[in-house]
Amino acid sequence: NKIIILGNLGKDPELRQTVHGRQFAQFTVATNERYTDPRGEKQIATEWHTCKVWGQQAENAVKLLKKGSTVYIEGSSKSYESNDNKKLWEIRVKRWELIDKRETQTQNSNDGGVYARPTHNALIK
């Protein structure tokens, strides 16, 4: 399966470890749907998505992503049951890209954890 979302971070990413010592970062992304209700009034519905990113990408996410950042996410969905038997799901991030007016930052799982940070100053000659 494949999921693509574009939204805003609800809080700074948190760096964590599994019980086996594998590092990951977890963060939430809000997406909005705008629609007109049956009475003709404009509405906004917000969905919150829990995202997990692993390894070097996790470290980069913690360094570069901040609450309110607009981020493009590609990944897959994974459902699981919580300790209190609630059905939950998360996005396992394979690629993320920070969308920012001042600079662009990209993280791609296929590039060995390398990210590019071109700035406006770097583009002006």
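# Reading a predicted fold

Me: Which residue takes a positive phi in the hairpin of β5 and β6?

Reply: N85 does, with a phi near 65 degrees, and five residues lie between the two strands of that hairpin. Strands (E, at least two residues) and helices (H or I, at least four) are DSSP runs, numbered from the N terminus. Please keep in mind that this is a predicted model, where local features need pLDDT of at least 70 and side-chain atom pairs count only at pLDDT 80 or more, while totals for chains, interfaces and linings use all residues. Residues are numbered from 1 along each chain as its sequence is written, and side-chain values use heavy atoms, with hydrogens and water left out.

Me: Thanks! How many helices and strands does the protein have, and in what pattern do they follow along the sequence?

Reply: There are two helices and eight strands. Reading along the sequence gives β-β-β-β-α-β-β-β-β-α.

Me: How do I read strand pairing, and how many bridges join β5 to β6?

Reply: Two strands pair if DSSP finds at least two bridges between them. β5 and β6 are joined by twelve bridges and run antiparallel. For a place to look, find K78, which stands opposite E90 in β6.

Me: In which sense does β1 pair with β5, and in which direction do β4 and β6 run, parallel or antiparallel?

Reply: β1 and β5 pair in the antiparallel sense, over six bridges. Here V71 turns up again, as the bridge partner of G7 in β5. β4 and β6 are parallel, with two bridges between them. In that pairing, K52 has R92 of β6 as its bridge partner.

Me: Where does S69 lie, and what does its side chain reach?

Reply: S69 lies in the loop between α1 and β5. The side chain of S69 reaches the backbone oxygen of K66 at 2.7 Å. S69 is buried, at 14% relative accessible area.

Me: Which residues touch the most other members of the largest nonpolar core?

Reply: In soluble globular proteins, nonpolar side chains tend to be buried together. A nonpolar core is a set of buried Ala, Val, Leu, Ile, Met, Phe, Trp, Tyr and Cys residues joined through side-chain atoms within 4.5 Å. The largest core here has 18 residues, and F27, V53, L65, I73, V93 and W96 touch the most other members. Two or more residues each come from β1, β3, β4, α1, β5 and β6. β6 gives the largest share, four residues. As for L65, its contacts beyond four places in sequence include F27, V71, W96 and L98.

Me: Last one: which residues of α1 are buried?

Reply: Q57, A58, N60, A61 and L64 are. They cover an arc of only 165 degrees around the axis, so they are on the same side of α1. That arc is taken from the directions from the helix axis to the C-beta atoms. For the protein as a whole, buried residues make up 34% of the 125 residues.

How values were computed. Buried < 20%, exposed > 50% of the residue type's maximum accessible area, 1.4 Å probe, protein only. Contact = heavy atoms within 4.5 Å. Polar contact = N/O pair within 3.5 Å; in protein donor to acceptor, adjacent residues only side chain to side chain.
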